[in-house]
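Q: Can we go through the aromatic contacts in this one?

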Amino acid sequence: MLHELLLALLGYTGDLIIDEREHYNLLGLNHLPPDAPISGEPTFKLAPDISFLEPSERDLIQRIIVLGFYYRELDRFATKSRNLSWIRSSNGSSLPNSVESSKDKTEIPSVYRRAIANGIVEILSVYRSAVLHVEQKLLSETVPILAIVTQGLDKFFVLFPPLHQLVLEIERDDIRGGQLLNLLHKRCHCGVPELQTCIQRLLWHGHQVMYNQLASWMVYGILQDKHGEFFIRRQDGRETDQGSAVQVLSEKLGRLSTDESLTDWHLGFHIYLDMLPDYIHMKVAESILFAGKAIRVLRNPSNAFWCQAAGNQSHSHMPRLPLKIKGNTRNFPLQKEPFFATKLTGEELLLQSEADKIEAMLLDLKESSEFHKRSFESAIDSIRAIAASHLWQLVVVRADLNGHLKALKDYFLLAKGDFFQCFLEESRHLMRLPPRQSTAEADLMIPFQLAATKTTSDEDRYFSRVSLRMSSFGVKVKSAQGDPKEKTYTDGNPRGALSNLSSDMSLDGWDGVALEYYIDWPLQLFFTQEVLSKYCRVFQYLLRLKRTQMELEKSWASLMHQDHADFSKNRNARFDGSISPQKRQRFRQMWHVREHMAFLIRNLQFYIQVDVIESQWNILQDRIQDSHDFTELVGFHQEYLSALISQSFLDIGSVSRILDGIMKLCLQFCWSIENQDKSSDPSELEHLTEEFNKKSNSLYTILRSSRLVGSQRAPFLRRFLMRLNFNSFFEATARGVLNVVGPRPAALPVLNQQ
């Protein structure tokens, strides 16, 4: 009987101790089939026909044989989880969400369960040794007693029931990956030292898999996660509810570059929250995601980048030809690349010593017997810093980030004033007419090229990256140097976000004029769609402002020319009264109104170009010099763009609408002056003057409101308000202009009073 008891403790039932699941006994099976589910309640019982045992002995044996049931269930779970038959049946197409057979979801392999099963096997081996030791003691005793069995296996009465509940929950709820680590981490917090040590050992086995995946991701940039158990996952339309949106955005990015690394960086990978353990903070997970993507970029540079770098060294003044890279460039290593590219990848972008340092940090974590959160986070931060520093070196130094930032400032922020002054001069007569949909951009090509020829832009090596288009039509205009490469759409869609930006604030048909800028790898990691769209939004605003300012200057010349002509005509006339005093008075009124308009537009332009753009540019340059971290650099640039938009009032709907209305009134006023001989309607000019007075004083009132004065843009607002109201003129007229202008339609508005 004692030997049968010992066999039952190892999961083997017989005549004395039976398994209540009789349908398996009827089949003559001593062991359950591998696919049989784990039983929730113990099924090992003493045979009912045994009569030679005392009730106390029956109770003690019944308590002991429960360990055999737990052992068998744990062993079955470990055997099933460690089964490697799926390797032979796998055809390489196993994906996290593509399982060929869904009739039993436990058939999906799990490397994390296999690791936990290895830990369970260790515990069971200790248990088997304890059973063997009990058997030896029983054999050595002249009168063996059951107390020897209970005394030898006492600690397993504490360990096996929680372990059985653990594996039961794992199999029932199909827990795997990060969820399994999270479950084990929670079970570690208990008041039983033996059980806590046991669960910590299982968690250690699970962490071995996680550290291996982290090493593959953060050392080599390779995602080793065949069964979708890692919290970093490749973006897939089947894995998200927004699959169609991801696919559309992926197609847009595909138009930006023929290199797949761009799509990988922006959309290739994401954090899968369901597999992120609770004890790993989201910020740490983001650092892991960034570090892996950065290493992936450093180990897999674009072919065009190296060819361009080699070409620049030998032909620094020759125009760069566009390079089309076809095929998958994400495979590691790049065996089909030229030798110098492979050498540069290994020796310069990411030194082997740096990769070894990252691997050593992860190895130290892996070899630790316990998981220390602070040590883990510190190591991840160090690895992220290494990756960010090397990525900074690639983007800032090798790819000449500062030169491209300067080019964007020159063209998108109108820092090259001579070029845009010349362009608006050349296209002035064209822009006085409505744009033709079929030829609008082709019509702009001539003044665009002439402006480059007549100014310093013709010698600017970055100008070949700039092209002009009408966002409403979507036909591109090549730059003056005729670079035939594909231009980067700022929104990936010819009728996309830029068209929406201009439609809300359209002044005339030419408001759709927008710029494009061609971005090479790896700068596409820095200049995203959103960034280029913000640049284009500011450009359209500044171009309208520049155009308005130029028209006001031209109207002054027109007014003076007309005044001199009328004066000469009046002096040489054969009869008196050819020029009425009313007409002379109207001229003086127009002079005053034009001067007030020019004063407002001129100060607004100076404020944006000097107080906003130049000051923020200097701040950005200082930060670039002090920073050697790519993520910090991205944050600084985002703050730079946000400051441009915020301090230019583009994010305040009421202010931007008033400014757009003022620019529209200024243009209409200028055109009315030039057409005054054809339609000399004084009421039209008076109406424009009245509307300008209302809008300009409304603008001043809003800018002085408590909501804006107390905001973060207050210091910059004060500069603008000081220029507008340097002599308290705006403040005085803003109080009563809306009431004064109305009753005096024929007289000069209040703004004209000195």
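A: What follows covers ring pairs, then charges over rings.
A: This is a predicted model, with local features needing pLDDT of at least 70, side-chain atom pairs counting only at pLDDT 80 or more, and totals for chains, interfaces and linings using all residues. Residues are numbered from 1 along each chain as its sequence is written, and side-chain values use heavy atoms, with hydrogens and water left out.

Q: How many aromatic pairs does the structure hold?
A: 28. Rings of Phe, Tyr and Trp (its six-membered ring) pair if their centres lie within 6.5 Å; planes under 30 degrees apart are stacked, over 60 edge-to-face, the rest tilted.

Q: Why is the pair F423 and F448 edge-to-face?
A: Because the planes of F423 and F448 stand at 90°, with the ring centres 5.9 Å apart.

Q: Where do F423 and F448 sit in the chain?
A: F423 is in helix 18 (residues 417-426) and F448 in helix 20 (residues 440-454), 25 residues apart. Helices are DSSP runs of H or I, at least four residues, numbered from the N terminus.

Q: Is F423 buried or exposed?
A: F423 is buried, at 2% relative accessibility. Buried means under 20% relative accessible area, exposed over 50%, partly exposed in between (1.4 Å probe, protein chains only).

Q: And what about Y607 and F649?
A: Y607 and F649 are stacked, 5.8 Å centre to centre with 10° between the planes. Both Y607 and F649 are buried.

Q: Which charged end sits over the ring of Y272?
A: That of R233, 3.7 Å from the ring centre. The criterion is NZ of Lys or CZ of Arg within 6 Å of the ring centre and within 35 degrees of the ring normal. K409 lies over the face of W617, at 5.5 Å from the ring centre.

How values were computed
Helix = DSSP H or I, 4+ residues; strand = E, 2+ residues; numbered from the N terminus.
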